[in-house]
Amino acid sequence: MSIKQHRTIRDIPLEESLTAGTMLCAGCGGVLLVRILEKMLGPAVVTVNAAGCMSMISVYPYTPFKSSWFYVAMPSAPAAAQGIRDALDILIEKKRISREQDLKVLVVTGDGAAADIGLQSTSGALHRKLDFYYLVYDNEAYSNTGFQASGSSPYGSNTKTTSPGSMAPQGLSLDKKDLFEIWRAHRPPYIATVSPAHIADMMQKIETASQFRGPKLFIALSPCPPGWSIDSDKVIRVSKMAVETGVWPLKEAIDGRVKHTVMMRSNRRPLEEYLRMQGRFEHLFEPVLQENVLKELQKKVDDYWASVSG
C-alpha cells in the first residue's frame, strides 16, 4: 500500500475548509481538530454534528463550513450518517449522481455523545460496517452544559458533578472509559488517537485511514480552557504534555493490530507536571497534597506503558 507521507505541519493543505470566526471558546482544541480533518478530507464531505460544544460552530444564519453540515441530537449522529450514506449509495446506483459527485460522510461528536449517550448508535454503525469517518473531540466532560462529568472524565478530576469534598477528596472516583478498546472490540478497519499538538501525526493517520472502506475512528484529546481552567494560549502546551507524560498515548489500530506512533515507554515526564497545569486537578495539591491519589494516577499510566509491546 503506497500512501502520501505527512511529516511536518508544512504538509498541511493550504486550502481552508472553515472560514474565520465561530462562537466557540477562544483556544478550543476541538475546532483546530475539525479544521485539520476537514482540510484533509477536502470539500466533498458532509459533516454530521451531534449536539455538544461543536454545535456552536454553526449558528443559523452563520456557518464557517464551506461544505455541508447536518446537525442532529446527541445520541443519533451515527444513525444520521447511515441515512446519508445510504441515500448517496442509492443515488449512485440509480445514476442520479455520478461516483465523482459522491461525498465523504463525517461524524463529529464530543466525548459525552461518544462514550455515553451516543455509544449505542455508534456500536450499531460499527456493527453494520458503515463507511464513514468519526471524530470525537474528547474534552473529558459535558463542557457545553457547564462541565459535568462524562464517562470520559479521568479519575481525580474536579467537575461540576464530582467536586472534591470530605467524602471524596480526590474528586471523581471512577476511571475514564477506554473508548479505543471499546471500538477495537467491534473490529473496524481503522482506529486512532490523535492530539492537536501532533498535527503531522494526525494527518498521517487520516491519510492511512482513507485507504479503508468502513468505519474510520479518531479519538482526539481536546483541552477545554474554561473547563480545565487553563489559559486559551496553553491548549497546545497542555496537549503536548499529555503525550510527554504518557497519559494520552498516540496509537492506531489497523484491522485490530495496535501500533504506537509515539513511544513514551522510558522517557516519560512525571504525570504531576501535566496535572499541575490544570485547575481541575488543583485540589490534589492544595490545601493538602494528596500523595496517595497522585501515586495512583501515576501507577495507572505506568501500568499502561508496562503492558505496551510495540
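**Salt bridges and nonpolar cores**

Aspartate 201 and lysine 205 meet through their side chains in a salt bridge, with N to O at 2.8 Å. A salt bridge here is a side-chain nitrogen of Lys or Arg within 4 Å of a carboxyl oxygen of Asp or Glu. By this rule the count comes to 20 salt bridges. This is a predicted model: local features need pLDDT of at least 70, side-chain atom pairs count only at pLDDT 80 or more, and totals for chains, interfaces and linings use all residues. Residues are numbered from 1 along each chain as its sequence is written, and side-chain values use heavy atoms, leaving out hydrogens and water.

**Salt bridges within a helix**

- Side chains of opposite charge can pair when their charged atoms come close.
- Aspartate 201 and lysine 205 both sit in helix H6 (residues 199-209), four residues apart, about one turn of the helix. Helices (H or I, at least four residues) and strands (E, at least two) are DSSP runs, numbered from the N terminus.
- Both aspartate 201 and lysine 205 are buried. Buried means under 20% relative accessible area, exposed over 50%, and partly exposed in between (1.4 Å probe, protein chains only).
- Lysine 299 pairs with aspartate 303 in a salt bridge, and their closest N and O atoms are 2.8 Å apart.
- Helix H10 holds both lysine 299 and aspartate 303, four residues apart, about one turn of the helix.
- Lysine 299 counts as partly exposed, at 49% relative accessibility. Aspartate 303 is also partly exposed, at 40%.

- Lysine 300 forms a salt bridge with aspartate 175, with 2.9 Å between the closest N and O atoms.
- This pair links distant parts of the chain, 125 residues apart. Lysine 300 is in helix H10 (residues 291-306), while aspartate 175 is in the loop between strand S4 (132-138) and helix H5 (179-184).
- Lysine 300 is partly exposed, with a relative accessible area of 32%.

**Nonpolar cores**

- A nonpolar core is a set of buried Ala, Val, Leu, Ile, Met, Phe, Trp, Tyr and Cys residues joined through side-chain atoms within 4.5 Å.
- The largest nonpolar core has 59 residues, of which Val48, Phe132, Trp183, Tyr274 and Leu275 touch the most other members.
- Helix H2 (residues 77-93) supplies the largest share of this core, six residues.
- Apart from this core lies another, of 28 residues, including Leu135, Val194, Ile206 and Ala209.
- Leucine 275 touches Phe281, Leu284, Phe285, Leu294 and Leu297, not counting residues up to four places away in sequence. Contact means heavy atoms within 4.5 Å.
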